[in-house]
Amino acid sequence: MENNMQAMYALIGNEKIEEAVSAFQKNGTEDELIEVLETIRTRMNDGGTVIVPIEKTSEDSSQREYAYLSGMSPEEMDQIGGDVYLKIRLNGGKQAVAAFTLPEETSKGPDAEMKPVEIRGLLERIFSFRDVDGIILNPWTREKSFFLEKSLIQLLLQVDEEAKKEEEKEE
């Protein structure tokens with residue numbers, strides 16, 4: 001129960017991501033894109049989480065095969081305890097891991113088991129999935145939906161690393 005409360009607490013602030021995405025969806029300017037990425041970076045550094053739908057795999061020998069076919073190394077499968085992130089095929093054929101900013105968003109799509117995942121961990125882990133092109137935030141609500149391609153994720157993580165180095169220089 002305590003872990004569940006901590007996970008719910010870590011969602012507080014994610015409405016800022018939804019607000020930034022909504023503004024970007026309306027106008028699509030470069031400044032609004034930067035604001036979306038900066039908001040995600042801020043939430044990541046605040047220890048924020050998102051909710052990720054997962055598929056459970058069996059614990060038999062097919063688990064390793066499933067891990068490989070889903071783009072995960074066996075080590076990755078072990079790290080997430082047998083959970084496999086639900087992937088969605090997007091228009092244009094790209095495939096993305098689904099993630100939700102708030103619990104209300106999870107109920108708008110098909111039923112699935114949900115798991116809170118730290119934003120930083122999800123962003124870093126996405127590069128180990130060979131068959132995934134990025135992360136789709138809130139895929140069921142157009143005005144709150146945002147596709148983070150791997151190139152944007154890499155840029156976001158790079159900017160974050162550079163900002164941390166600058167902060168260390170100033171100290």
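**The whole chain**

Start with everything shown: 46% of the 171 residues in the protein chain count as buried, where buried means under 20% relative accessible area, exposed means over 50%, and partly exposed is in between (1.4 Å probe, protein chains only). You're looking at a predicted model, in which local features need pLDDT of at least 70, side-chain atom pairs count only at pLDDT 80 or more, and totals for chains, interfaces and linings use all residues. Residues are numbered from 1 along each chain as its sequence is written, and side-chain values use heavy atoms, with hydrogens and water left out.

Switch to cartoon view and you'll find 8 helices and 7 strands. These are DSSP runs numbered from the N terminus: helices are H or I with at least four residues, strands are E with at least two.

**Stop one: helix α2**

Select residues 14-27, which make up helix α2. From its first C-alpha to its last, α2 reaches 21 Å with its 14 residues, close to the 20 Å expected at 1.5 Å a residue; that expected span is 1.5 Å times one less than the number of residues. Just past the end of α2 sits Gly-28, with a positive phi of about 65 degrees.

Now colour the buried residues of α2, among them Ile-17, Glu-18, Val-21 and Phe-24. Zoom in on Glu-18, whose relative accessible area is 8%. What does Glu-18 touch, leaving out residues up to four places away in sequence? Its partners are Thr-101, Leu-102, Glu-105, Asn-138 and Lys-144, with contact meaning heavy atoms within 4.5 Å.

**Stop two: Asn-138**

Hop to Asn-138, in the loop between β6 (134-137) and β7 (146-149). Asn-138 is buried, at a relative accessible area of 1%. Its phi is near 45 degrees, a positive value in a residue other than glycine.

**Stop three: the aromatic pairs**

The structure holds 2 aromatic pairs. Rings of Phe, Tyr and Trp (its six-membered ring) pair if their centres lie within 6.5 Å; planes under 30 degrees apart are stacked, over 60 edge-to-face, and the rest tilted.

Select Phe-24 and Phe-146: they are edge-to-face, 5.6 Å centre to centre with 80 degrees between the planes. Phe-24 is in helix α2 and Phe-146 in strand β7, so this pair ties together parts 122 residues apart in sequence. Both Phe-24 and Phe-146 are buried.

Finish with Tyr-85 and Phe-129, a tilted pair because the ring centres are 5.9 Å apart and the planes are at 55 degrees. Tyr-85 has a relative accessible area of 2%, and Phe-129 has 1%.
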